[in-house]
Amino acid sequence: MTADAPHPGYSPGLEGVLAGESALCQVDEGSSGLRYRGYAIEDLADHATFEEVAVLLLVGHLPTRKELDDFTGRLRSNWRLPGPVDAFIGVVPPTAHPMDVLRTGVSLLGMTDPEAGDGSHDANLRKSIRLLAQIPLFIAAAHRLAAGKPQVQPRPDLGFAEQVLYLLTGKHGDPAAKAMARVLDVSLILYAEHEFNASTFAARVTASTLSDLHAAVTTAVGTLKGPLHGGANEAVAAMLREIDRPDRAEAWVREALAHKRRIMGFGHRVLKKGDPRSGIIQRRAEELSRLVGDTRWYDIAHTIDRIMQQEKGLYPNLDFYTAVAYLLMEIPRDLYTPVFVCSRIAGWCAHVIEQHDHNRLIRPRALYTGPPPQPYVPLDRRS
């Protein structure tokens with residue numbers, strides 16, 4: 001027992017509590033590191049594509065060439081939105097938060113899905129593939145309409161990361177765009193899955209009631225919107241833009257620390273000794289910065305990183321250097337968290353399928369902190 005946990009077995013926020021079993025992701029600060037179905041995240045980031053990782057999570061193994069071709073073909077065949085979803089985008093208030101729009105959009109995609117009433121394993125897998133294709137298109141269409149920009153149609157010759165970059169920024173084809181797409185691909189791999197984080201656990205709670213896959217994903221999107229879970233890379237990008245120049249970075253961060261302001265992009269609830277994903281995306285962000293001839297954001301971030309380790313003993317998480325990469329790609333900042341969804345949808349759907357396949361209703365208990373037993377007092381005798 002502690003002051004924060006005054007009852008045996010109680011852990012505020014369920015921190016450290018084993019709440020279920022999963023074969024999808026191992027998060028270990030020891031020698032195992034971070035693995036998706038046994039594969040080290042470093043190997044996947046260096047050698048795989050996001051499409052391969054999506055198959056690994058959803059199906060259970062890395063695909064053969066034929067399996068990967070079939071999977072990417074199914075993605076391409078679903079690069080379109082149902083008519084009611086297109087109509088919904090047309091009436092969304094331009095001031096609506098992108099995550100609110102996406103939350104409602106996922107729910108509507110569930111209502112219009114051709115297998116809406118089928119919750120079988122195979123149907124859930126097909127729904128997952130449709131969502132993987134539809135969500136980037138939905139995000140881009142809603143953003144472009146709100147910003148008064150012309151719509152763009154997906155290109156059948158682009159891979160998943162290239163497609164996302166093209167839909168959101170219009171970039172494709174030239175060497176810089178290809179380099180950006182590869183870094184985006186790595187970030188999507190790194191964001192794809194991370195065990196029982198808040199949004200994933202929320203999705204599994206919904207799925208455990210045997211609600212449908214789209215309902216569980218809608219729950220996850222709503223959970224990710226919260227600033228204590230999603231949005232950290234957006235906050236990091238805002239900080240980098242506020243600092244603006246590398247020569248201002250050290251004074252800025254030291255003043256922020258002196259005034260006890262929170263520096264976003266550092267620390268992790270589980271990975272106390274550092275996030276293994278951070279070093280991977282840091283190297284990619286540095287390489288991209290040098291390739292495009294703009295090291296400003298990386299230099300600012302590197303200075304902040306150095307001081308935070310020196311002064312606070314804190315290490316950057318995945319969001320920190322991802323913000324550098326996304327700034328270089330010129331992805332609109334309010335879409336950073338929706339881009340997270342483009343990736344994490346693979347993990348969310350894999351968890352929903354796993355929950356349905358081995359279901360047990362998730363129903364924890366609460367430690368009661370209310371008043372002791374009270375006698376009922378009739379209404380006319382209450383003062």
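Okay, let's start with one proline: outside the four places on either side of it in sequence, Pro 63 is in contact with Glu 52, Val 55 and Leu 68, where contact means heavy atoms within 4.5 Å. Pro 63 sits in the loop between α2 and α3. Its C-alpha atom and that of Glu 52 are separated by 6.4 Å, with the two residues eleven apart along the chain. Is Pro 63 buried or exposed? Pro 63 is buried, at a relative accessible area of 15%; buried here means under 20% relative accessible area, exposed means over 50%, and partly exposed is in between, using a 1.4 Å probe and protein chains only.

A quick word on what we're looking at. This is a predicted model, so local features need pLDDT of at least 70 and side-chain atom pairs count only at pLDDT 80 or more, while totals for chains, interfaces and linings use all residues. Residues are numbered from 1 along each chain as its sequence is written, and side-chain values use heavy atoms, with hydrogens and water left out.

When I say helix or strand, I mean DSSP runs numbered from the N terminus: H or I with at least four residues for helices, E with at least two for strands.

Now the sheet. It's an open one of three strands, in the order β1-β2-β3, with antiparallel pairing. The edge strands are β1 (25–27) and β3 (39–40), and each has a single partner strand, so one side of each has no neighbour in the sheet. Two strands pair if DSSP finds at least two bridges between them, and β1 and β2 (residues 34–36) are joined by three. For instance, Val 27 has Leu 34 of β2 as its bridge partner.

On to the inside. In soluble globular proteins, nonpolar side chains tend to be buried together. Here the largest nonpolar core has 118 residues, and those touching the most other members are Leu 132, Leu 184, Ile 304 and Met 329. By core I mean a set of buried Ala, Val, Leu, Ile, Met, Phe, Trp, Tyr and Cys residues joined through side-chain atoms within 4.5 Å. What does Leu 184 touch, leaving aside its neighbours within four places in sequence? Its contacts are Ala 161, Val 164, Leu 165, Tyr 326, Met 329, Ile 331 and Val 339.

Three of those names start with a helix worth a stop, α7. Helix α7 (residues 160–169) is mostly covered, with eight of its ten residues buried. Among them are Phe 160, Gln 163 and Tyr 166. The cover over the buried residues includes α2 (50–59), α3, α6, α8 (175–191), α15 and α16. Just after α7 comes Gly 170, with a positive phi of about 80°.Two of the covering helices give us a residue each to look at. Ala 141 is in α6 (residues 121–146), and it counts as buried at 10% relative accessibility. Beyond four places in sequence, Ala 141 is in contact with Ile 89 and Gln 151. Val 324 belongs to α15 (residues 318–329) and is buried too, with a relative accessible area of 0%. Its contacts, again setting aside neighbours within four places, include Leu 240, Trp 297 and Tyr 298.

One more helix residue: Ile 281, in α13 (residues 276–292). Ile 281 and Leu 190 are 91 residues apart in sequence, yet 8.3 Å apart in space, C-alpha to C-alpha. Leu 190 is also one of the residues that Ile 281 touches.

A cavity, on a 1 Å grid over the protein atoms alone, is a set of points where a 1.4 Å probe fits but cannot get out, and lining residues have an atom within 4 Å of a point. The lining includes Glu 51, Trp 79 and Phe 160, and Phe 160 is one of the buried residues of α7.

Notes
On a 1 Å grid over the protein atoms alone, a cavity is a set of points where a 1.4 Å probe fits but cannot get out, and a pocket is an open set with protein on both sides within 12 Å along at least five of seven lines; lining residues have an atom within 4 Å of a point.
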